Each structure stands twice: as C-alpha cells, then as structure tokens.
Number of protein chains: 2
Amino acid sequence: MAASAVPLSTQSAATGALDRLLSETAADMAKVNALILERADSHVEMVPELARYLIEAGGKRLRPMLTVAAAALFETPNGAQIRFAAAVEFMHNATLLHDDVVDESDMRRGRPAARVIWGNQASVLVGDFLLGQAFMMMVETGDIEALGVLAKAAAIIAEGEVFQLAKARDLSATPDDYAQVIRAKTATLFEAACEVGAMAGGADAEGREALRLYGRELGCAFQLVDDVLDYRGESGTLGKNIGDDLREGKMTLPVILALAEGNPAEREIVASALGNPETPDGVLAQVVAIFNRHGTLTRTLAQAQDHADAAKAAISGLRESEMKALLTDIADFTVARAY
Amino acid sequence: MAASAVPLSTQSAATGALDRLLSETAADMAKVNALILERADSHVEMVPELARYLIEAGGKRLRPMLTVAAAALFETPNGAQIRFAAAVEFMHNATLLHDDVVDESDMRRGRPAARVIWGNQASVLVGDFLLGQAFMMMVETGDIEALGVLAKAAAIIAEGEVFQLAKARDLSATPDDYAQVIRAKTATLFEAACEVGAMAGGADAEGREALRLYGRELGCAFQLVDDVLDYRGESGTLGKNIGDDLREGKMTLPVILALAEGNPAEREIVASALGNPETPDGVLAQVVAIFNRHGTLTRTLAQAQDHADAAKAAISGLRESEMKALLTDIADFTVARAY
C-alpha cells in the first residue's frame with residue numbers, strides 16, 4: 001500500500017488499544033472464558049473435542065470483550081455481561097463452524113478447519129449445539145429484552161449469509177449489496193454484543209442506542225478491513241489463506257469496484273478468477289495489481305475509516321472515562337491493523 | 001408383519017385420532033400456520049423460497065398440534081401457545097434442513113430435499129435463520145421460563161444428533177446407546193412442545209410435569225415406529241426412501257438387535273449393508289428377512305407400544321376432558337400407523 005491516510009499518532013494509540021482492552025477486561029474475561037469452557041462441555045465426546053479445538057484456537061475474542069467493555073462504561077453492571085459475552089462468543093463460533101462448511105474452507109484461525117478433521121456433519125451439528133447453549137446462557141440472565149436483541153441478531157446474521165451466498169459470483173453485485181451483506185453478517189453481532197453489554201451495565205435508552213451504533217459502525221469497519229486483508233495480509237494474519245474470498249466468489253468491495261471501473265481485459269481477468277477454487281497465485285497477483293491500479297483496496301480502507309469515525313462519534317456524548325477513551329482507540333485499531 | 005398385539009378396538013380409535021386432533025386444533029392451527037408463513041418471510045428471496053418449499057410440503061405438524069392441544073387441556077390458555085407452536089415447528093424444520101445435509105438425504109416429505117434444489121449451503125443457513133426466528137417468537141411471549149425449556153431442547157437435540165453421528169456404523173452400539181439417541185434427537189422436542197403448551201395453558205407444576213412426560217414417551221414411541229417404517233413402509237409413507245437408515249449406517253434398534261442375535265453369516269450381511277449407500281435392494285430384502293427371523297421389527301414395535309402406554313399413564317391423573325381422551329388415543333395412533 002501507499003502511505004496511509006491515518007496520522008502516525010493515531011496509529012500508535014491504535015496499535016496499543018487491543019492490548020489495553022485485553023488488560024482492562026482481563027478480570028471479566030477470565031470469568032467469560034471459564035464459562036465458555038464449561039458450557040462447551042457435553043457427555044457426547046465429539047462435542048467438546050470439536051468445540052474446544054475451535055474455541056481454544058482463540059482468535060481475539062473481540063466480540064465478548066466488547067460486551068464486557070460496554071457494560072463497564074456504565075454505572076451499575078448487574079453481572080449479566082459475563083453470560084451475554086459467552087453467548088456472543090458461542091454465536092460467533094457457531095457461525096464460523098457453519099461458514100466453513102458453506103465456504104468449504106480448509107483453514108480457520110491458522111489451523112485446519114474443524115470440518116477438515118471432524119467432517120462437515122459434525123461441524124453443522126456442533127454449531128447448532130453452541131447456538132442452543134448460547135440461548136441457555138441468555139435465559140439464565142432473566143433479561144428477556146436483551147435476549148430479544150441477540151435472537152434477532154441470530155436471524156439477521158443467517159439472512160445476511162444467505163444473501164452473500166445468493167450474490168456469490170454475481171458480476172452485477174453493487175456496493176449497496178455489499179454494504180447490506182457486511183451490515184447483516186458481521187456488524188449485527190458487533191451491534192448486539194455492544195448493546196446487550198450496555199443493557200447489562202444499566203445504560204439508559206440513550207446509552208444503549210450509543211453502544212448499538214458504536215458496535216454497528218465498528219463491525220462494518222472490521223469487515224471492510226478483513227476484506228482488504230484477504231488480498232494482502234501476511235500469511236497467517238487472518239489465519240486463513242490469501243485470496244480465499246476471490247476463489248470462493250465473494251463479491252467484496254475491492255472486487256465490485258474493480259469490475260465497475262476496470263477495462264474489458266481487466267474485468268475478464270477478475271471474472272475468470274472469481275469463484276474458481278483453482279485460480280493460481282499468479283492470477284491472484286494480477287488481480288491485486290488491477291485492484292491497486294484502480295485503488296480499490298485503498299478506497300475500501302477509506303470507507304473502513306469512515307465507519308470507525310462514525311463509531312467514535314456514536315459514543316462521543318457519553319460521560320468521559322478511561323473505557324470510553326479506550327473504545328475510541330479500538331475503533332482506530334480496527335482500521336490500523338491493515339497498515 | 002405377523003398379527004398385531006394391539007386389540008382391534010384400540011386400533012380403530014387410534015386410526016381416527018389424528019383426524020380428530022386436526023379437527024380439534026384447527027382454529028389454533030390456522031393462527032399457527034399464518035404465523036409460520038409470516039415468519040418464514042425475508043427480503044432475501046432465497047430464504048422464503050427454501051423455507052416455504054419445506055414448510056408447505058407439510059408433514060403432519062404433529063409437534064405444534066401437541067403444543068396447542070396441551071394448552072387446551074388446562075383452564076387458562078394465555079395465547080402464548082400459538083407462538084410456541086410456530087417456534088416448535090421452526091425448530092423442527094431447522095433440524096430437518098440440517099439433518100438432510102448431515103445424512104446427504106435426497107428425499108424429504110416425498111419431494112426432493114431442499115439441499116438437492118438449493119444446495120447444502122443454503123440449507124444450513126436457512127436452518128439457522130429459522131432457529132433465530134423461532135427464538136424471536138419465543139421472546140415475544142415474554143415467558144422466559146418456557147424459553148429456557150426450548151433453548152435447552154435445542155442444545156440437547158444437537159447433542160443427540162452428534163451422538164448418533166458418532167455411533168454411525170458402530171457395530172458395538174447397544175440398545176442403551178439407541179435409547180439415548182432417540183430420547184435426545186426426537187423425544188426432546190416432543191417433550192418441550194408439550195411442556196410449553198401446558199405452561200401456556202396455565203398448568204400447575206403437576207400438570208406441566210405430566211405433559212412433559214407424555215411428550216417424552218410419545219416422542220420415543222414415534223421414533224421407534226419411524227425406525228421400523230424405514231424398513232417396511234410403503235413407498236411414500238415416510239416421504240423418504242425405504243432402507244435410507246441402513247444405507248446411512250444408522251444404528252437403530254432393529255439393526256442393533258439383529259447384530260446381537262444373528263449368526264455370523266447374518267451379521268456379515270447386515271454389517272456389509274450398513275453405511276453403504278450402494279446397498280442394492282436385494283441385499284436390503286435379505287436384511288429385512290434377517291430382522292423378521294429374529295423378530296427385531298416386532299420387538300421394536302412392542303417397545304414403541306410400551307412408550308405409548310407410558311405416555312397415556314403420564315396424563316391419566318389429569319381431569320377428564322375430550323382433549324385428554326384424544327391425546328390418549330394419539331399415543332395409540334403413534335404405534336398404530338405401523339400396522
């Protein structure tokens with residue numbers, strides 16, 4: 001990439017933000033992680049084997065951290081944020097298990113996907129199990145309104161995944177289609193994670209709405225950056241293979257913009273690579289060169305920064321606190337990890 | 001089959017029971033069906049297309065009928081049974097969509113399975129959507145205790161399916177393993193359907209427990225009969241292909257008993273057919289002959305009748321009513337459909 005549009009000072013605050021978030025939420029997250037392990041257990045051996053394989057591979061646990069961080073922003077956390085956070089992580093992991101089956105992915109979090117080891121069948125069913133356990137934990141909080149937020153999110157996420165599937169390899173997909181996909185499949189869970197955290201924290205209607213918006217904008221920024229990293233991350237940054245989205249035919253923004261603006265020869269190269277699992281690395285390099293010629297990765301990152309800015313604005317009216325400053329930096333971090 | 005153990009008078013009451021249940025629950029089921037169609041809708045076209053294809057193929061809707069029937073047994077139905085019934089049917093349909101992917105089934109309810117038309121990917125995701133919508137409807141009732149019953153059921157069902165998968169083609173599977181599978185994968189939803197119906201009806205703790213037990217026993221009877229019909233139903237009775245369970249390697253009771261009691265040559269024939277998608281009809285016929293030699297289908301049906309009797313006993317203490325008499329007959333119907 002060419003020089004970044006993000007000032008260096010912002011970048012360095014952003015770089016440390018994830019570590020600070022890890023540290024600030026460590027006490028709550030220890031409880032969340034214990035609950036996650038406990039609730040992934042089952043007398044049916046294959047269930048905890050598969051679930052723990054995925055869960056222990058880790059990932060950043062950004063979503064549940066957001067839930068407990070959102071609760072900490074407010075005066076009177078009631079403790080429900082621990083169960084909500086674990087439920088959010090279970091919903092996320094259920095989605096990953098099902099996504100890997102849908103996308104026929106071989107890698108996840110830098111290791112062979114669960115479906116490669118235990119098969120598609122077990123991945124579908126253990127995903128269902130985790131979803132059931134997620135709802136059990138929500139029920140235990142007794143907060144039916146928050147439960148409604150997460151149940152609605154579950155339906156919208158699935159709907160978004162179907163929409164993405166319907167648009168795969170569709171050369172006429174528009175930036176609006178893409179915005180709809182990422183809002184549903186990714187931003188919805190970030191939004192719900194932050195909103196139920198705020199509810200557990202005792203937020204008033206305004207605070208709850210602020211966190212809901214923050215989560216949504218943060219989730220959009222996060223997915224836009226992910227979709228850029230798919231084309232230029234170092235091996236292992238995402239824990240999956242570079243170019244996977246292209247080979248799966250995913251109509252992400254860099255592709256949509258390149259198809260709209262490329263010349264016929266460029267369009268032909270992109271179209272031929274799209275949705276072809278056999279696309280060689282040489283062609284992938286050509287596609288990335290086309291993206292760079294039209295600046296589609298840079299512009300995708302600029303959109304990500306717009307969403308990160310909107311996330312910061314959403315919580316700007318809340319009372320000042322260390323956690324608020326940290327969540328503001330997390331918004332920048334979401335984009336900075338691309339640089 | 002040889003002569004049935006069920007007296008003819010019981011059989012004829014049983015035969016009419018489903019029609020009477022349909023008629024007694026018609027008013028409530030019209031509301032349930034309208035809600036089902038409404039909640040299967042989505043702005044993502046493929047969602048209602050696929051969901052309605054499955055839902056409109058019908059099936060008996062026995063589970064949601066049990067929910068509204070259970071509510072009607074008690075004095076003060078609060079209306080929540082309509083949403084619970086629709087949620088139960090959505091949970092059931094989500095399970096069917098995922099099961100067909102897991103089992104690689106080609107037929108469902110007498111038509112090509114949804115996965116044959118829309119693919120495994122869409123079947124997984126639309127199943128997830130239906131599950132999310134099911135929880136939304138439960139949330140709308142405001143009854144978090146009933147929601148807990150259904151959430152727990154969702155986790156147990158998935159766990160049971162994983163256990164069944166782990167036991168597939170396992171020649172050392174025992175009758176206890178089988179009992180555990182059918183209790184989890186089938187009886188749990190019948191149990192939950194009846195229990196939340198009773199809760200919506202205003203049942204006291206005793207009434208709720210009676211219906212829970214009734215549902216559980218009825219569900220076990222239902223699955224035992226299904227597992228017999230898989231080997232001798234008329235084409236189309238189950239809406240899937242005869243011998244599917246055998247070819248998928250499912251360790252159902254008729255198989256487990258035959259492996260335990262057959263001579264080495266018989267065991268060899270059963271074992272060779274089990275889990276082999278290419279098993280020809282001629283070998284299937286040999287397997288059924290082995291079952292008949294050892295009476296494994298007859299004994300499986302006898303167990304089904306025991307469960308049906310236990311279902312009747314579970315509700316025998318409730319105050320007399322037409323609906324109670326009908327649910328008693330439904331227990332016998334569950335077994336009678338095998339004759």
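## Helices H4 and H9 in chain A

Let's start with a crossing: in this predicted model, helices H4(A) and H9(A) cross in a right-handed way. H4 covers residues 62-72 of chain A, while H9 covers residues 205-232 of chain A. Their axes come within 12 Å and cross at roughly 155°. Angles over 145 degrees count as roughly antiparallel, and that makes H4(A) roughly antiparallel to H9(A).

Who does the touching? On the H4(A) side, look for A:Leu62, A:Arg63, A:Leu66 and A:Ala70. They meet A:Leu211, A:Tyr214, A:Leu218 and A:Phe222 of H9(A). Sorted by class, this contact of H4(A) with H9(A) has seven nonpolar residues, one charged residue and no polar ones.

## Helices H5 and H7 in chain A

Now for another pair in chain A: H5, residues 80-103, and H7, residues 144-167. Here the axes are 12 Å apart, and the packing angle is about 15°. Since angles under 35 degrees count as roughly parallel, H5(A) and H7(A) are therefore roughly parallel to each other. Their crossing is right-handed.

From H5(A), the contact uses A:Phe84, A:Val88, A:Met91, A:Thr95, A:Asp99 and A:Val102. H7(A) brings A:Ala146, A:Leu150, A:Ala153, A:Ala154, A:Ile157, A:Glu161 and A:Leu165. By class, the contact of H5(A) with H7(A) comes out as ten nonpolar, two charged and one polar residues.

## Where chains A and B meet

Next, step back to the two chains. Chain A puts 37 residues into the contact, and chain B puts in 37 residues too. Together, chains A and B bury about 3,500 Å² between them, with 80% of it on carbon and sulfur atoms. Three residues to look up are A:Leu125, A:Ile144 and A:Glu159. They supply 18% of the area that chain A buries against chain B, more than any other three residues.

How many salt bridges are there between chain A and chain B? The count is zero.

## Salt bridges

Side chains of opposite charge can pair when their charged atoms come close. Over all chains, the count comes to 50 salt bridges.

One to find in the structure joins the side chains of B:Arg39 and B:Glu140, at 2.9 Å from N to O. This pair links distant parts of the chain, with the two residues 101 residues apart. B:Arg39 sits in helix H2 of chain B (residues 26-39), and B:Glu140 sits in helix H6 of chain B (residues 114-141).

Key
Residues are numbered from 1 along each chain as its sequence is written. Chains are lettered from A and ligands numbered from 1 in the order in which they are written. This is a predicted model: local features need pLDDT of at least 70, side-chain atom pairs count only at pLDDT 80 or more; totals for chains, interfaces and linings use all residues. Side-chain values use heavy atoms; hydrogens and water are left out. Axes are lines fitted to C-alpha atoms, for helices over the stretch in contact, and angles run from 0 to 180 degrees between N-to-C directions. Helices (H or I, at least four residues) and strands (E, at least two) are DSSP runs, numbered from the N terminus. Angles under 35 degrees count as roughly parallel, over 145 as roughly antiparallel, 65 to 115 as roughly perpendicular and the rest as oblique. A crossing is left-handed if the near helix is turned anticlockwise from the far one by less than a right angle, and right-handed if clockwise. Contact means heavy atoms within 4.5 Å. Ala, Val, Leu, Ile, Met, Phe, Trp, Tyr, Cys and Pro count as nonpolar, Asp, Glu, Lys and Arg as charged, and the others, Gly among them, as polar. Buried area is the accessible area (1.4 Å probe) that two parts lose on being put together, summed over both. A salt bridge is a side-chain nitrogen of Lys or Arg within 4 Å of a carboxyl oxygen of Asp or Glu.
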